[in-house]
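Work through the exercises below with the coordinates open. Each task is followed by a solution in steps.

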Amino acid sequence: MLSEKYINQYTAEISQATEQIIQDAPPLCELKYFWGDVEKYFSLSPRSDTKPNIIVWGTTFPEELIYAFDVSPCIIAGGSLAVSALTDDELPRDTDAISRSAYGILANKLTEKSLVIIPITDDSSRKISYILKSKGVKVYTVDIPPAGSDTARAAWSYQAELCAEAIAKHLKRPFSKRRFKSACTLVYQAKAALRDFTALSLSRSNLIPDTLRMFIAYSYYCTENIAQWTNNLRQLSEKIKELDEDGASNKNSVLIVGSPIYFPNFKIPYLLKDAGLRIAANIDYAAIRAVNPLKPNKSFSDVMNDYYENDCSGAYAVNDRLYRYVEEAARRFKPDGIAFHILKGQIEYDYELSRMENMFNEKNIPVFRLETDYNKQDIEQLRIRAEAFGEVLQQRKYAEVKPI
């Protein structure tokens with residue numbers, strides 16, 4: 001039973017984070033659907049559906065596989081500081097913020113019918129899967145081969161086949177190639193709509209705040225009805241097109257690279273905003289997954305191979321895919337700077353920083369490394385550093401202006 005103190009802290013956290021985004025957002029009635037969808041996801045009341053519950057730990061799993069069984073996956077991404085307090089007696093204090101938060105949220109989502117699918121991307125996911133199994137939770141782990149090769153791709157495809165069999169056994173319904181193709185089309189349409197919305201919001205960044213754009217992208221992982229979500233996003237995009245076209249903001253732009261940013265913890269985006277910076281894009285495995293649709297008209301093995309080829313989570317010994325995504329984003333958005341975001345405990349991204357710094361140096365793009373967690377004690381220190389970084393970018397821009 002959750003204590004009243006915990007419930008109040010959790011409710012206040014979600015409410016305050018949502019209200020902050022609403023205040024910055026344009027007054028569009030089409031946004032109400034997304035406020036409600038995310039609020040429902042974070043509600044402490046039981047899920048409304050009565051179907052057997054499939055829970056997916058994190059955002060590094062092809063949700064097409066779940067939708068193929070006519071079931072909406074409950075995706076546990078993390079983001080809440082309040083629920084992390086629930087894990088103090090079970091997880092080490094140095095466990096990364098996303099794992100602690102996701103573990104706390106999971107406790108509220110679990111039912112006796114739950115099957116929890118955990119992709120093994122790091123030591124935390126491996127250890128937590130063991131802890132859950134020892135508690136009697138029905139857990140299915142999916143190993144992600146850490147080195148990209150023909151053998152690794154075959155191993156991943158085989159893992160996906162076994163996972164489909166496990167889901168079929170749990171739900172007591174067969175896996176169908178026809179339903180899988182329909183699921184791929186469903187997810188493709190949703191992500192194509194999100195990709196279009198993202199491009200549209202970037203072209204009207206004076207009207208659509210960075211935090212709202214990131215919130216809408218995150219809502220994809222919260223919805224229980226992906227078709228309805230897609231339809232509402234299309235309506236939102238059409239409404240935004242009707243607004244006066246103000247062009248993009250002329251603020252200095254940055255790419256956020258590294259650890260994923262999950263609602264309600266938007267501490268870093270707001271710090272960058274307060275420093276007068278615009279977020280051109282956030283390049284992490286969750287953001288890339290949300291706007292990178294896989295082509296649906298392919299076989300099961302081809303879709304799984306495409307997923308593996310595009311995955312840039314921390315599971316890989318050398319994260320070449322993340323490097324390529326960052327390199328492509330730097331070429332496309334031509335940012336003034338890089339904000340390299342590290343959540344304490346996610347050392348797998350620190351390993352990638354030195355190699356990326358060489359790339360940024362060659363492109364003459366300054367890098368600002370932020371290491372933090374979900375607590376707010378370091379906000380003032382980070383704000384001072386973010387403002388100093390913003391001043392550096394502004395001075396560089398003035399220095400590039402040639403005298404008349």
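At 0% relative accessibility, Phe 215 counts as buried, and this holds for a predicted model.

**Exercise 1.** Classify the ring pair of Phe 215 and Phe 263, and state where its two members lie.

Solution. Step 1: the ring centres are 5.1 Å apart, and pairing requires centres within 6.5 Å. Step 2: the planes stand at 80 degrees, so the pair is edge-to-face, the cut-off for that class being over 60. Step 3: Phe 215 belongs to helix α8 (residues 210-219), while Phe 263 sits in the loop between β5 (252-258) and α10 (267-274). Step 4: Phe 263 is buried, at a relative accessible area of 0%.

**Exercise 2.** Which residues form one aromatic cluster with Phe 215 and Phe 263, and what lies over the face of Tyr 41?

Solution. Step 1: the cluster consists of Trp 35, Tyr 41, Phe 42, Phe 215, Tyr 218, Tyr 262, Phe 263 and Phe 266. Step 2: over the face of Tyr 41 lies Lys 109, at 4.2 Å from the ring centre. Step 3: Arg 321 lies over the face of Tyr 308, at 4.6 Å from the ring centre.

**Exercise 3.** Count the aromatic pairs under the distance rule, then classify the pair of Phe 34 and Trp 229.

Solution. Step 1: the count comes to 20 aromatic pairs. Step 2: Phe 34 and Trp 229 form one that is edge-to-face, with 6.3 Å from centre to centre and 85 degrees between the planes. Step 3: Phe 34 lies in helix α2 (residues 32-42) and Trp 229 in helix α9 (residues 226-242), so the pair ties together parts that are 195 residues apart in sequence. Step 4: Phe 34 counts as buried at 0% relative accessibility, and Trp 229 counts as buried at 0%.

**Exercise 4.** In what sense do strands β3 and β4 pair, and what is the hand of the crossover from β3 to β4?

Solution. Step 1: β3 (residues 115-120) and β4 (residues 139-143) pair in the parallel sense, over 5 bridges. Step 2: Ile 118 stands opposite Thr 141 in β4. Step 3: from β3 the chain passes through helix α5 (residues 123-134) to β4, and this β-α-β crossover is right-handed.

**Exercise 5.** Is Ile 22 buried or partly exposed?

Solution. Step 1: Ile 22 is part of helix α1 (residues 4-24). Step 2: its relative accessibility is 28%, so Ile 22 counts as partly exposed. Step 3: the C-alpha atoms of Ile 22 and Lys 32 are separated by 9.5 Å, the residues being 10 apart along the chain.

Key. Residues are numbered from 1 along each chain as its sequence is written. This is a predicted model: local features need pLDDT of at least 70, side-chain atom pairs count only at pLDDT 80 or more; totals for chains, interfaces and linings use all residues. Side-chain values use heavy atoms; hydrogens and water are left out. Rings of Phe, Tyr and Trp (its six-membered ring) pair if their centres lie within 6.5 Å; planes under 30 degrees apart count as stacked, over 60 as edge-to-face and the rest as tilted. Helices (H or I, at least four residues) and strands (E, at least two) are DSSP runs, numbered from the N terminus. Buried means under 20% relative accessible area, exposed over 50%, partly exposed in between (1.4 Å probe, protein chains only). A charge sits over a ring if NZ of Lys or CZ of Arg is within 6 Å of the ring centre and within 35 degrees of the ring normal. Two strands pair if DSSP finds at least two bridges between them. A crossover is right-handed if, with the strands pointing away from the viewer, the path from the first strand over the helix to the second runs clockwise.
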